[in-house]
There are 2 protein chains.
Amino acid sequence: MPTSPKRLVNVNGQVFSEHEARISVFDRGFLFGDSIYEVTQTIEGVPFMLDDHLDRLYRSGEKIALQLPYSRDELKKELARVLKALAVEQAYVRIIITRGEGEIGLDPGLATSANLVIIAKELPPYPRHWYTEGVDVIVAHTLRNPTESIDPNVKSGNYLNNVMAFAEASRLKAFDALMLNHRGEVTEGTTSNVWIVNEQGLLKTPPLASGLLEGITRKHLLEICREQKIEVSLTPIHLEELQKAQEIFLTSSTKRLVPLRTLDGKAVGSGSPGPIWRQLSTAYDAHVQKIQAQAREQWQAVNP
Amino acid sequence: MPTSPKRLVNVNGQVFSEHEARISVFDRGFLFGDSIYEVTQTIEGVPFMLDDHLDRLYRSGEKIALQLPYSRDELKKELARVLKALAVEQAYVRIIITRGEGEIGLDPGLATSANLVIIAKELPPYPRHWYTEGVDVIVAHTLRNPTESIDPNVKSGNYLNNVMAFAEASRLKAFDALMLNHRGEVTEGTTSNVWIVNEQGLLKTPPLASGLLEGITRKHLLEICREQKIEVSLTPIHLEELQKAQEIFLTSSTKRLVPLRTLDGKAVGSGSPGPIWRQLSTAYDAHVQKIQAQAREQWQAVNP
């Protein structure tokens, strides 16, 4: 695809062009989805909330007993290596760690040593209309994997569940799909968390017990709400409550707060981005500015 | 690993040594587990029940809307290519088809064209004591993915669920783990189907509705039972019925019928392979001989 932005990849410490960036077919990430990952971006060349993402990467690893053979500083060094080669202001960053290669078999003990893959590519700005008009989202028929099978709070290479849910959205030209769990509770979007202002005007986001990834934007937004004394309920959200919501918005590290215009083809509230979304979106952007200023100092001290 | 048998890999029509066999890090099989696969073996150079496996590969593809850009004959030709290069009597064969590469994103429409990977390696005989003494198996705490999330009847690259269940077995030095579904019904082993002779002497194997892969050995064994007028019940098996079974055995394409010696550390029946396992195992081996003789003629006509 010649029109795509340039992509560079750090594979185990060496930077490759996108066409040369390859991994063994015996890698367990390829064979079984036996891998973990994180996605973030850079702003003016500085990684966004990197420590939060690395925290979660190590937590994901612990949950599937995948020991990372890299210290946090080594991972930062490898990220800096590929970002320096890419040399763009705003980059998409995907850090993948697999359990490695070995004899073929489910036993994790067959793997010899983990593989590290860091994909970096230029990230063009998102369309403005997502934020000025809102996006169209559906509720998928595909149910989210339950915690007792594959914990959605592990960010792993097993994403076929989400691929199938997204495919439902894609067929309807929707922006994303929300997924329910087996008890009928709303969990999350396919790559985002979800928030609502319900019929009674209460701000809510699903509790982790509903089976979802603990998003980093979600975490920071909960902190902002605490600081600003905005009430947030972390109780399960059922489909009916979702359908009657005055406002719905998605949160993700790269897209931040994205308001919904429609849910399953019906207008959400007034059909335009609502006042609570606006208030929180503004507060989040200000919060990010502060955090990112500190991050820039730290990053530039190590990577002048 | 110098002591391992030689492995050769056909990647999109070209045969590579194991160290050269690589795939793009942008392949959706690597990123998301967005792939399907089959495992079989050869006997005296001839693939075992290949048409059954290819049938299932196409069915898996249909279920996740992954269109295979290969005809059945083309797949056979590619398999023959790598087997000819490997040149062993008995080979393990893994055929993987991924949705391909493209821009990074869950949307299946981003993939350009599917990738084909066929791994072949020498398959040494399995240890005799598996069949003379039986194997030790546990019941995993990890529950099998439910059909409404990721259908276990799709043989996909999303196997972390099974990896985690197998890891429980591995920690206890067990041969395999049986997985229950969210209703407490027995589904399957991590890479096998399961059969029991219950306390009342009735032969049973879980119905597909319990959420499991429709195994090819399972299918053939059901045919044999029909022909020989052996009653088989395809009703859900709960944990208690499993624990009280007189006999339990696993079935898989490569390992055939493997009897259990213990379940969760307790003897199954007499603690030795039982009479129904013996009868069915003998009948299955005879059935296979007939089928394989026909397969040999067909295969050798095309691959002299």
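Trainee: What makes strand β7 of chain A mostly covered?

Mentor: Seven of the eight residues in β7 (residues 115–122) of chain A are buried. Buried means under 20% relative accessible area, exposed means over 50%, and partly exposed lies in between (1.4 Å probe, protein chains only). Please note that this is a predicted model, in which local features need pLDDT of at least 70 and side-chain atom pairs count only at pLDDT 80 or more, while totals for chains, interfaces and linings use all residues. Residues are numbered from 1 along each chain as its sequence is written, chains are lettered from A and ligands numbered from 1 in the order in which they are written, and side-chain values use heavy atoms, with hydrogens and water left out.

Trainee: Why does A:E122 count as partly exposed?

Mentor: A:E122, found in strand β7 of chain A, has a relative accessibility of 41%, and therefore counts as partly exposed. Leaving aside neighbours within four places in sequence, A:E122 is in contact (heavy atoms within 4.5 Å) with residues including A:P5, A:L86 and A:Y92.

Trainee: How far apart are A:E122 and A:L106 in sequence and in space?

Mentor: They are 16 residues apart in sequence and 36 Å apart in space, C-alpha to C-alpha.

Trainee: How do you know which strands β7(A) pairs with?

Mentor: Strands are DSSP runs of E with at least two residues, helices are runs of H or I with at least four, and both are numbered from the N terminus. Two strands pair if DSSP finds at least two bridges between them. Strand β1 (residues 7–11) of chain A is joined to β7(A) by five bridges, and β6 (residues 91–98) of chain A by eight; both pairings are antiparallel. For instance, A:R7 stands opposite A:K121, and A:I95 has A:I118 as its bridge partner.

Trainee: What is the strand order of the open sheet in chain A, and which are its edge strands?

Mentor: The six strands follow the order β2-β1-β7-β6-β4-β5, with antiparallel pairing. The edge strands are β2 (14–17) and β5 (46–47) of chain A, because each pairs on one side only. Further in, β4 (residues 35–43) and β6(A) are joined by seven bridges, with A:S35 opposite A:T98.

Trainee: What pairing involves β3 of chain A and β3(B)?

Mentor: Strand β3 (residues 22–24) of chain A pairs with β3(B) in the antiparallel sense over three bridges. Among the residues involved, A:S24 has B:R22 as its bridge partner.

Trainee: How much area do chain B and chain A bury between them?

Mentor: They bury about 5,100 Å², 66% of it on carbon and sulfur atoms. Buried area is the accessible area (1.4 Å probe) that two parts lose on being put together, summed over both. B:F30, B:L106 and B:L160 supply 14% of the area that chain B buries against chain A, more than any other three residues. In terms of contact, 60 residues of chain B meet 60 residues of chain A.

Trainee: Why is the meeting of B:E103 and A:R7 called a salt bridge?

Mentor: A salt bridge requires a side-chain nitrogen of Lys or Arg within 4 Å of a carboxyl oxygen of Asp or Glu. The rule finds four salt bridges across the interface of chain B and chain A.
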